[in-house]
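The following report describes a single protein chain. It should be read alongside the sequence and the coordinates shown here.

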Amino acid sequence: MLKLKPEGHFHFSAKGANGNGMPYDLDHELFNSIKIEEIKKTIGPQDVCYLLKKANSELWPRLLKTEVKVPFLKIDSVSI
C-alpha cells in the first residue's frame with residue numbers, strides 16, 4: 001500500500017510473496033513536492049517500482065530531506 005502527500009511524504013508498506021512473507025514498511029520525507037496525480041507504478045515478480053514526478057523543474061540536491069544514504073533506493077534521472 002502506498003500513501004503519498006503532495007508536499008513529499010512517501011509511505012509504503014507491503015508483505016513478501018503471496019502476502020504471507022516478511023513485512024516491509026518505508027516512511028520517508030522527499031526533498032520537495034511531487035505531483036500525486038502523475039505517479040506510475042510497476043510491479044514485477046521481485047520488485048515494486050514507483051515513478052514520482054517533481055512538482056516543479058528545480059534541481060534537487062538529493063532525493064530525501066535527510067542526508068542519510070538509503071541503500072535500497074535507486075534514482076533514475078529521466079526527463080519525461
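Does Tyr50 count as buried, partly exposed or exposed? At 22% relative accessibility, Tyr50 counts as partly exposed, where buried means under 20% relative accessible area, exposed means over 50%, and partly exposed lies in between (1.4 Å probe, protein chains only).

The model is predicted, and local features therefore need pLDDT of at least 70, side-chain atom pairs count only at pLDDT 80 or more, and totals for chains, interfaces and linings use all residues. Residues are numbered from 1 along each chain as its sequence is written, and side-chain values use heavy atoms, with hydrogens and water left out.

**Overall architecture**

The chain contains 0 helices and 5 strands, and its elements run β-β-β-β-β from the N terminus on. Helices (H or I, at least four residues) and strands (E, at least two) are DSSP runs, numbered from the N terminus. The C-alpha trace spans about 40 × 25 × 20 Å along its principal axes. Of the 80 residues in the chain, 15% are buried. The chain exposes about 6,500 Å², and carbon and sulfur atoms supply 55% of this area; the areas come from the Shrake-Rupley method with a 1.4 Å probe, and for residues only the protein chains shown count as cover.

Contact means heavy atoms within 4.5 Å. Among contacts between residues at least 6 apart in sequence, 40% join residues at least 24 apart. The chain carries 12 positive and 10 negative charges, whose mean positions are 3 Å apart. Lys and Arg count as positive and Asp and Glu as negative, while His and the chain ends are not counted; each charge is placed at NZ of Lys, CZ of Arg, CG of Asp or CD of Glu.

**Nonpolar core and aromatic pairs**

The largest nonpolar core comprises 8 residues: Leu4, Phe10, Phe12, Leu30, Ile34, Trp60, Leu64 and Val70. Such a core is a set of buried Ala, Val, Leu, Ile, Met, Phe, Trp, Tyr and Cys residues joined through side-chain atoms within 4.5 Å. Leu30, one of its members, touches Gly8, Phe10, Leu52, Trp60, Leu63, Leu64 and Lys65, not counting residues up to four places away in sequence.

A search of the whole structure finds 3 aromatic pairs. Two of them are described here.

| Pair | Centre to centre | Angle between planes | Geometry |
|---|---|---|---|
| Phe12 and Tyr50 | 5.9 Å | 65° | edge-to-face |
| Phe31 and Trp60 | 6.1 Å | 50° | tilted |

Rings of Phe, Tyr and Trp (its six-membered ring) pair if their centres lie within 6.5 Å; planes under 30 degrees apart count as stacked, over 60 as edge-to-face and the rest as tilted. Phe12 is buried, with a relative accessible area of 12%. Together with Phe10, Phe12 and Tyr50 form one aromatic cluster.

Phe31 counts as partly exposed at 23% relative accessibility, whereas Trp60 counts as buried at 13%.

Lys40 is found in strand S4 (residues 40–43) and is exposed, with a relative accessible area of 52%. Leaving aside residues up to four places away in sequence, Lys40 touches Cys49, Tyr50 and Leu51. The C-alpha atoms of Lys40 and Lys53 are separated by 9.1 Å, and the two residues are 13 residues apart along the chain.

Thr42 is also found in strand S4. Thr42 is exposed, with a relative accessible area of 53%, and is in contact with Asp47, Val48 and Cys49 when neighbours within four places in sequence are left aside.

Thr66 lies in the segment after S5 and is partly exposed, with a relative accessible area of 41%. Thr66 and His28 are 38 residues apart in sequence and 8.9 Å apart in space, C-alpha to C-alpha.
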